[in-house]
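The following note sets out numbered points on one structure, beginning with the ligand site. Please read the points alongside the sequence and the coordinates.

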Amino acid sequence: MPTPAGRHFLQIPGPSNVPDRILRAIDRPTIDHRGPEFQRLGLDVLAGLKTVFRTQHPVVMFPASGTGAWEAALVNTLSPGDRVLMYETGQFATLWKGIAERLGLVPEFLAVGDDSWRRGADAAAIEARLAADRGHEIRAVCVVHNETSTGVTSDIAAVRKAIDRAGHPALLMVDTISGLGSIDYRHDEWGVDVTVAGSQKGMMLPPGLSFNAVSPKALEATKSSKLPKSFWSWQEMLGPNRNGFFPYTPSTNLMYGLREAIAMLHEEGLDNVFARHRRHAEATRIAVRTWGMEIQCLNEAEYSPVLTAVRMPDGHDEAAFRKVVLEHFDMSLGSGLGKVAGKVFRIGHLGDFNDLTLVGTLAGVGMGLEIAGIPHAKGGVTAAMHYLAAAHKAAPAGTFVTRS
Ligand SMILES: *Cc1c(COP(=O)(O)O)cnc(C)c1O
């Protein structure tokens with residue numbers, strides 16, 4: 001098989017396209033992880049991460065995929081048999097619940113109505129459930145900030161307020177694995193106790209690193225937590241981390257990449273990064289609506305800036321459609337997961353991504369719809385281009401693209 005010409009379009013909602021600058025940063029000799037050069041790297045990265053999570057408190061880093069950091073959040077704070085209130089937003093919430101079950105916790109899976117896979121977490125329902133828990137048996141509330149299976153975000157500040165209004169002491173744990181670095185996120189300001197994140201989505205890195213941002217209250221909870229923990233132990237980490245070191249061999253080369261990624265996010269400016277994601281998401285939705293297709297997310301206020309999940313017309317399968325796009329245009333689109341397998345495909349528009357990569361992505365989707373014989377109206381890409389051009393016209397030159 002010859003290698004296809006040009007770049008592959010990796011338009012799944014993570015792993016995202018890794019920019020050359022990060023690939024070059026990673027492509028350096030591995031150094032002694034107990035030496036002085038590593039120490040500078042470790043201190044830089046651990047301090048830099050705090051600026052991305054917007055926290056003054058420690059961020060713990062594991063050489064693992066996001067799933068590891070999910071497990072770490074639970075085992076560091078909870079004990080066997082503890083009740084946790086987990087909100088059913090989609091497949092990733094479902095997977096996190098599965099981990100809780102296998103660890104011997106007692107998750108309660110909260111959902112409102114039969115379209116919870118099309119909406120964000122309902123803060124009022126969380127408040128009502130916590131208010132009914134007079135004995136404070138629920139130890140943690142777990143919410144996915146950007147549900148990657150559906151393209152729906154949840155309002156984390158509202159969930160915090162709901163917990164406070166109920167006067168409930170439960171920890172707030174948030175998965176922003178696919179949100180960090182793409183969507184505004186404020187660990188301290190929103191009163192989150194444990195934030196779970198990963199490297200391969202908005203952070204633009206290859207898979208292999210994941211994170212827990214940890215509040216003082218969560219750190220306090222580790223003292224009484226009885227779930228077994230060794231590899232995932234925050235306590236084991238935090239001692240050596242103070243000096244930039246790790247209790248076991250860290251992913252040195254990914255950390256070179258992470259240092260570069262944090263620098264890139266700040267050079268562009270976090271707010272500009274978030275605005276860019278919102279612009280690309282809006283342009284994508286304009287294309288989808290013009291095609292006459294349906295967006296999975298029902299509530300405009302909850303649209304994900306990271307990905308758009310599109311519902312297939314009845315009688316058409318997303319897997320067959322994605323196969324057409326891959327074979328003809330060398331572009332990977334996200335599959336339907338769990339309850340929406342076969343029914344939705346997902347367009348990732350995150351990370352190292354600009355207006356023209358979006359136009360190329362949408363063109364690939366549009367041509368794929370045509371080739372696969374999926375009923376749709378023409379003009380989606382043109383409508384998206386019109387929106388992008390208008391955004392550029394309205395903004396001062398250099399607002400969206402600056403080269404140093
Ligand atoms: C990708 C993702 C995960 C899983 O992370 P892995 O790195 O695949 O273990 C969990 N939650 C969300 C919201 C995700 O997008």
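1. Helix α3 (residues 66–75) contributes three residues to the shell around the ligand, the most of any element. Helices here are DSSP runs of H or I with at least four residues, strands are runs of E with at least two, and both are numbered from the N terminus.

2. The model is predicted, so local features need pLDDT of at least 70 and side-chain atom pairs count only at pLDDT 80 or more, whereas totals for chains, interfaces and linings use all residues. Residues are numbered from 1 along each chain as its sequence is written, and side-chain values use heavy atoms, with hydrogens and water left out.

3. The ligand is surrounded by 13 residues, the closest being Ser-65, Thr-67, Thr-148, Asp-175 and Lys-201; a residue counts as near if one of its heavy atoms lies within 4 Å. The shell comprises four nonpolar, seven polar and two charged residues, where nonpolar covers Ala, Val, Leu, Ile, Met, Phe, Trp, Tyr, Cys and Pro, charged covers Asp, Glu, Lys and Arg, and polar covers the others, Gly among them.

4. The protein buries 88% of the 380 Å² that the ligand exposes when taken alone (Shrake-Rupley method, 1.4 Å probe).

5. The chain is divided into domain 1 (9–16 + 269–394) and domain 2 (20–266), with bounds from an automatic or database domain assignment. Their C-alpha centres lie 27 Å apart.

6. Between the domains, 34 residues of domain 1 are in contact with 30 residues of domain 2 (heavy atoms within 4.5 Å). The buried area is about 2600 Å², with 57% from carbon and sulfur atoms; this is the accessible area (1.4 Å probe) lost by two parts on being put together, summed over both. On the domain 1 side, Leu-270, Phe-274 and Glu-302 lose the most area, together 23% of what that side buries.

7. Gly-14 and Pro-15 are joined by a cis peptide bond with omega of about -5°, and Pro-15 sits in the loop between β1 (9–11) and α1 (20–26). His-136, a residue other than glycine, has a positive phi near 55° and belongs to the loop between α5 (123–132) and β5 (138–144).
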